[in-house]
Amino acid sequence: MVDESTRKTLSTIPLLKTKAGPRDKELWVERLKEEYQSLIKYVQNNKEADNDWFRLESNKEGTKWFGKCWFIHDLLKYEFDVEFDIPVTYPTTAPEIALPELDGKTAKMYRGGKICLSDHFKPLWGRNVPRFGIGHAMALGLGPWLAVEIPDLIAKGVISYKEKNRIGYRVEFIKTYLLL
């Protein structure tokens, strides 16, 4: 069952039409265009709803994706690297999203920092092939995983907040600028 908030989020992410993976050459290019359009729309919707929580980019072929995701907890921003490869059997097989720096810190994760999505997300993905894409994997896979796991990891003291040293960066920038 899907709650009303999730249903609303899903309704704003465009569905995809082309059933093609990286081995399908020309059809993959078409699928990749649909992926980008869907992902861009999802990110725009998130920004408009003040719910911006990730950035993604891919290699030229669209087979390796990487970026950052973050979770705000008690007004502190916890940021993580995110990465995944598009499986050769995509879109029949969902991507395995990984947060490498959290590898081994929770039971709901596989080797290499791949988050566990098997019980809830993968059956939903399977019922929606080829309509679901990367945006859906983020919205229905990584987003809910972060919402459950990150507060728990913080409460257990497994992860802690790392403040970015912006002042140090500014000092280095000024020194560099003055020396030029």
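**Figure 1. The helices and strands of the chain.** The predicted model has 5 helices and 5 strands, where a helix is a DSSP run of H or I with at least four residues and a strand is a run of E with at least two, both numbered from the N terminus. Read from the N terminus on, the elements follow the order α-α-β-β-β-β-β-α-α-α. Of the 180 residues, 41% count as buried; buried means under 20% relative accessible area, exposed means over 50%, and partly exposed lies in between, with a 1.4 Å probe and protein chains only. Contact means heavy atoms within 4.5 Å. Among contacts between residues at least 6 apart in sequence, 52% join residues at least 24 apart. Residues are numbered from 1 along each chain as its sequence is written. Because this is a predicted model, local features need pLDDT of at least 70 and side-chain atom pairs count only at pLDDT 80 or more, while totals for chains, interfaces and linings use all residues; side-chain values use heavy atoms, with hydrogens and water left out.

**Figure 2. The largest nonpolar core.** A nonpolar core is a set of buried Ala, Val, Leu, Ile, Met, Phe, Trp, Tyr and Cys residues joined through side-chain atoms within 4.5 Å. The largest one holds 43 residues, and L99, M138, L142 and I150 touch the most other members. At least two residues of this core come from each of α2, β1 (54-58), β2, β3 (76-85), α3 and α4. The most come from α4, which gives 11 residues. Leaving out residues up to four places away in sequence, L99 touches C69, F80, D81, V82, M109, G113, I115, L142, W145 and L146. In soluble globular proteins, nonpolar side chains tend to be buried together.

**Figure 3. The largest pocket.** On a 1 Å grid over the protein atoms alone, a pocket is an open set of points with protein on both sides within 12 Å along at least five of seven lines, a cavity is a set of points where a 1.4 Å probe fits but cannot get out, and lining residues have an atom within 4 Å of a point. Grid points are joined across faces, edges and corners, and a volume is the space filled by probe spheres set on the points. The largest pocket has a volume of about 1,200 Å³. Its lining has 39 residues, and the closest to its centre are T6, A139, L140, G143 and P144. Two or more lining residues come from each of α1 (4-12), α2 (26-48), β2 (64-73), α3 (121-127) and α4 (134-155). The element that gives the most to this lining is α4, with 10 residues. By class, the lining has 20 nonpolar, 11 polar and 8 charged residues; Ala, Val, Leu, Ile, Met, Phe, Trp, Tyr, Cys and Pro count as nonpolar, Asp, Glu, Lys and Arg as charged, and the others, Gly among them, as polar.

**Figure 4. A cavity.** The model has 1 cavity of 30 Å³ or more. The largest cavity has a volume of about 40 Å³. The residues that line this cavity are P95, E96, I97, Y110, I115, L117 and K122. They divide into 5 nonpolar, no polar and 2 charged residues.

**Figure 5. Aromatic pairs.** Rings of Phe, Tyr and Trp (its six-membered ring) pair if their centres lie within 6.5 Å; planes under 30 degrees apart count as stacked, over 60 as edge-to-face and the rest as tilted. By this rule there are 9 aromatic pairs. W65 and F84 form a stacked pair, at 6.2 Å centre to centre and with 5 degrees between the planes. W65 is in strand β2 and F84 in strand β3, 19 residues apart. Both residues of the pair W65 and F84 are buried. The ring centres of W125 and F132 are 6.3 Å apart and their planes are at 70 degrees, so this pair is edge-to-face. W125 counts as buried because its relative accessibility is 1%, and F132 counts as buried at 5%. W28, Y90, F121, W125 and F132 form one aromatic cluster.

**Figure 6. Two cis peptide bonds.** The peptide bond from V129 to P130 is cis, with omega about 0 degrees. P130 is in the loop between α3 and α4, and is buried because its relative accessible area is 17%. Not counting residues up to four places away in sequence, P130 touches L16, K17, T18, K19, R31 and P91. The bond from Y90 to P91 is also cis, with omega near 5 degrees, and P91 is in the loop between β3 and β4 (109-110).
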